[in-house]
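Subject: Structure for you to look at

Hello,

Here is the structure I said I would pass on. Please open it alongside this email and follow the residues as they come up.

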Amino acid sequence: MNEAIQLILFMAVLVALAPIIGKFMAKVFMGENHFMKPVFGWLEKIIYRISGISREEEMNWKTYLYGVLLFNLFGMVFLFLIQMLQAYLPLNTEKLPNVPWHLACNTAASFTTNTNWQSYSGENTLSYLVQMIGLTVQNFLSAATGIVVAIAMIRGLTRKTTEKIGNFWVDITRCVVYVLLPLSIVLTMIFVGQGAVQTFSHYARATTLLGTEQVIPLGPAASQSAIKQLGTNGGGFFNANAAHPFESPTPLTNFLEMFALLIISAGLVFTYGYYARSKRQAWAIFITMFILFAAGLAISLWSEYSHNNVLNVSGNMEGKETRFGVANSVLFSVVTTDASCGAVNCMHDSLSPLSGLVCMFNLMLGEIIFGGVGSGLYGIIIFIFITVFIAGLMVGRTPEFLGKKVEAFEVKMAIIAVLAPSVVIKLFSAIACSIPAGLAGLNNAGPHGFSEILYAFSSAAGNNGSAFAGLNANTVFYNLMIGFGMLIGRFGVIIPVMAISGSMARKKITPVSAGTFKTDNWLFVLLLLSVILIVGGLTFFPPLALGPVVEHLLMNLGVTF
Amino acid sequence: MKTQTITALKILLIMTVLTGIIYPLCMTGLAQLIFPYRANGSLLKRDGKIIGSELIGQKSDSIKYFWSRPSAIDYNPVPSGASNFGPTSAQLKKQVVQRRKVFAEKNLVPDTTAIPKEMIFASASGLDPHISPEAALLQVERIARARNFDISQKQKLIKCINELTEYPQFFCLGEKRINVLMLNLTLDNF
């Protein structure tokens with residue numbers, strides 16, 4: 001009963017607030033007046049003045065993309081360097097050594113691509129300084145990058161006969177100053193009030209009741225936790241992520257973390273509706289996403305509460321926290337894999353096989369069920385292109401979207417964007433399964449071991465960052481493979497998306513006629529759902545059958561590995 | 001292109017200062033001002049010495065104390081973590097059987113199915129500070145015997161458990177639970 005109330009409350013709050021924040025973000029990126037302007041307007045102006053950005057100057061898609069790539073490249077190099085040099089830098093209270101090169105490569109790629117896969121444990125690897133000026137910064141910037149690419153794409157879709165799709169530097173600044181920073185500040189203070197730590201002091205040394213020594217790690221965790229959720233980053237300050245009592249001490253913080261990780265992605269759908277001047281377009285996308293989310297949640301809950309014949313228990317608590325219980329853990333696992341966040345409040349490795357399958361399937365669809373901030377929206381728009389293309393083929397008309405013709409170029413780009421992550425998942429998993437370096441890191445045997453590998457590359461390609469964390473991925477092989485996987489999964493999508501944006505911006509808008517294929521009704525929702533499930537299902541059914549499905553069947557027979 | 005490069009470096013620098021230095025510093029300042037106890041880790045002291053954190057579970061597998069949950073890291077928080085055993089893991093099965101047996105024997109629980117699940121499965125952080133009130137009540141008999149409690153002390157202990165039980169926030173968020181360290185500290189003051 002209590003479980004049901006929590007689930008319904010969560011969904012209700014999400015549906016109620018997403019349109020509001022969506023409209024707010026539209027105003028921010030259109031440069032209109034909004035309630036945050038009097039508060040932080042001065043900061044925006046100062047940033048333009050120091051950096052010499054001209055607010056009026058807009059870019060074509062190539063210049064915009066060049067800005068995205070350059071900015072991310074510099075961010076990545078900087079993050080790599082400070083990890084390699086952390087022993088010589090200040091604020092290293094625990095005297096941690098420099099990070100090994102392959103781990104530094106992986107972490108740099110991970111945080112700039114908004115994946116936040118973590119091959120390391122924060123407590124014993126990274127200094128406070130690296131966590132702040134390296135990771136916290138990329139938590140903001142990678143999120144902002146995703147959001148502004150989505151905004152650029154929306155502009156491309158909704159403008160006509162123009163080359164200009166906005167100014168990357170202006171968008172980034174507005175995103176950080178008006179959207180991410182204010183929300184992070186509020187969230188940080190609530191987290192601390194509930195018990196999350198926010199300090200620069202040394203780790204505390206306690207003598208426990210039984211007289212043994214317990215070293216208690218501290219740090220500026222709350223401020224990083226806030227943005228890691230809001231920006232669908234997901235990289236924990238501590239190893240246990242949002243399961244750690246210092247990151248998420250109470251059920252309230254847990255609720256807010258789940259809400260924070262979905263709200264911007266869900267809101268952006270309505271930002272798109274605002275730009276397109278059509279609430280119905282936004283609701284069609286939102287409902288599609290919501291159906292996929294709710295279906296995943298239902299399957300996952302059913303599976304997790306079902307009886308496990310191996311352990312002779314239903315709703316097991318392995319890898320779960322008492323204060324959250326089973327329902328909140330399952331909800332979090334579904335939400336975090338829908339949203340490309342990757343923060344976890346329970347260990348996905350220990351979930352029941354089909355709950356693990358739901359997580360993996362969410363990743364494999366390309367993070368489009370709300371998805372990462374920005375990336376979820378441009379991801380689902382890619383699927384919309386494929387849907388209108390297929391629908392066009394079926395009735396023998398030139399496909400159209402928002403009054404613009406969808407032609408060979410856009411469809412080719414859309415297919416590249418869908419294929420790039422899929423190739424990473426299947427090819428890289430196959431390589432890892434066939435060489436000793438790939439098999440060495442497994443924590444579980446049998447089909448579950450295969451699932452650990454499959455999950456890792458699905459997480460990398462979808463820029464999620466959650467893991468079947470039993471896999472020891474801190475090896476040269478995994479750090480580099482997953483590192484490349486994350487970069488392909490991120491920029492293999494962003495580049496075609498920007499190209500589509502540029503090409504769509506140039507097109508004319510033809511007026512709506514009786515023959516126009518509508519993209520804002522239930523028929524379209526149904527078609528879009530089918531395309532997503534067929535593409536996802538056909539691509540990934542074979543590997544899923546070898547992993548979680550087989551494990552589920554064997555578990556029912558009581559087989560162990 | 002050259003101006004883009006310079007702009008990229010400038011914006012990266014500005015954002016690093018803003019979100020990497022000013023933001024965490026201001027948040028730390030505010031947090032230390034408004035919630036000093038929370039921001040510093042909710043550390044508990046006894047006789048001037050730090051005895052632990054209210055929020056971080058610790059090992060308490062003595063016969064005289066309430067037990068915390070099993071922990072994959074044995075409550076050593078650097079780093080936190082879980083077993084990550086899958087649902088068909090033979091090792092996990094072995095551990096579960098063993099934990100059920102030990103809990104039933106030591107706490108004189110005749111029916112092993114009555115043992116709350118959190119007592120036979122390891123937590124996600126390895127530092128879970130809570131158990132369910134049911135799990136605490138099941139341990140009263142053992143503790144009362146180990147500490148030679150009389151009937152009235154035993155009843156006081158049960159009352160203690162009821163008082164320290166935390167209910168779902170706002171009537172619906174989260175689970176009913178009890179903080180093991182707080183309970184054990186009260187126990188020492190009996």
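**The largest pocket**

In this predicted model, the largest pocket holds about 600 Å³ of space. It is lined by 33 residues, and the closest to its centre are A:Gln118, A:Asn239, A:Ala469, A:Leu471 and B:Asn84. Sorted by class, the lining has 21 polar residues, twelve nonpolar residues and no charged ones.

**Aromatic rings**

Over all chains, the structure holds 27 aromatic pairs. One of them is the edge-to-face pair of A:Phe168 and A:Trp169, with ring centres 4.8 Å apart and 70° between the planes. A:Phe168 has a relative accessible area of 0%, so this residue is buried. A:Trp169 is buried too, at 3% relative accessibility.

A:Tyr455 and A:Phe468 make a stacked pair, at 4.4 Å centre to centre and with 20° between the planes. This pair links distant parts of the chain, 13 residues apart: A:Tyr455 is in helix 16 (residues 447-461) of chain A, while A:Phe468 is in the loop between helix 16 and helix 17 (476-505) of chain A. A:Tyr455 is buried because its relative accessible area is 0%. The value for A:Phe468 is 4%, so that residue counts as buried as well.

Chain B has two places where a charge sits over a ring, and you can find them as follows:

- The charged end of B:Arg147 is over the ring of B:Tyr65, 5.1 Å from the ring's centre.
- B:Lys156 lies over the face of B:Phe190, with 4.4 Å to the ring centre.

**Salt bridges**

Side chains of opposite charge can pair when their charged atoms come close. A search of the whole structure gives 19 salt bridges over all chains.

One of these joins A:Arg323 and A:Glu321, whose closest N and O atoms are 2.7 Å apart. Are the two partners buried or exposed? A:Arg323 counts as buried because its relative accessibility is 0%, and A:Glu321, also at 0%, counts as buried.

Another salt bridge runs between A:Lys507 and A:Glu407, with 2.7 Å between the closest N and O atoms. A:Lys507 lies in the loop between helix 17 and helix 18 (522-556) of chain A, and A:Glu407 lies in the loop between strand 6 (404-405) and helix 14 (408-434) of chain A, so the pair ties together parts that are 100 residues apart in sequence. A:Lys507 is buried, with a relative accessible area of 12%, whereas A:Glu407 is partly exposed at 40%.

In chain B, the side chains of B:Arg69 and B:Asp128 meet in a salt bridge, at 2.8 Å from N to O. The two residues are 59 apart, and the pair links distant parts of the chain: B:Arg69 is in the loop between strand 2 (49-53) and helix 3 (90-106) of chain B, and B:Asp128 is in the loop between helix 3 and strand 3 (130-131) of chain B. Both B:Arg69 and B:Asp128 are buried. Back in chain A, salt bridges with shared partners join A:Glu407, A:Glu410 and A:Lys507 into one network.

**Backbone details**

Where is the cis peptide bond that has omega near -5°? The bond runs from B:Val78 to B:Pro79. B:Pro79 is in the loop between strand 2 and helix 3 of chain B.

There are also positive phi values to look up in chain A. A:Thr161 has phi near 40°, which is positive in a residue other than glycine. This residue is in the loop between helix 6 (128-158) and helix 7 (168-194) of chain A. The relative accessible area of A:Thr161 is 53%, so the residue is exposed.

For A:Ser340, phi is near 55°, again positive in a residue other than glycine. A:Ser340 is placed in the loop between helix 11 (325-338) and helix 12 (353-364) of chain A. At 1% relative accessibility, A:Ser340 counts as buried.

Regards

Key:
Residues numbered from 1 in each chain as written. Chains lettered and ligands numbered in written order. Predicted model: local features only at pLDDT ≥ 70, side-chain atom pairs only at ≥ 80, totals over all residues. Heavy atoms only, no water. Phe/Tyr/Trp six-rings, centres within 6.5 Å; stacked < 30°, edge-to-face > 60°. Buried < 20%, exposed > 50% of the residue type's maximum accessible area, 1.4 Å probe, protein only. Helix = DSSP H or I, 4+ residues; strand = E, 2+ residues; numbered from the N terminus. Lys NZ or Arg CZ within 6 Å of the ring centre and 35° of its normal. 1 Å grid on protein atoms, 1.4 Å probe; cavity = no way out; pocket = protein on both sides within 12 Å on 5 of 7 lines; lining within 4 Å. Points joined across faces, edges and corners; volume = space filled by probe spheres on them. Nonpolar A, V, L, I, M, F, W, Y, C, P; charged D, E, K, R; others polar. Salt bridge = Lys/Arg side-chain N within 4 Å of Asp/Glu carboxyl O.
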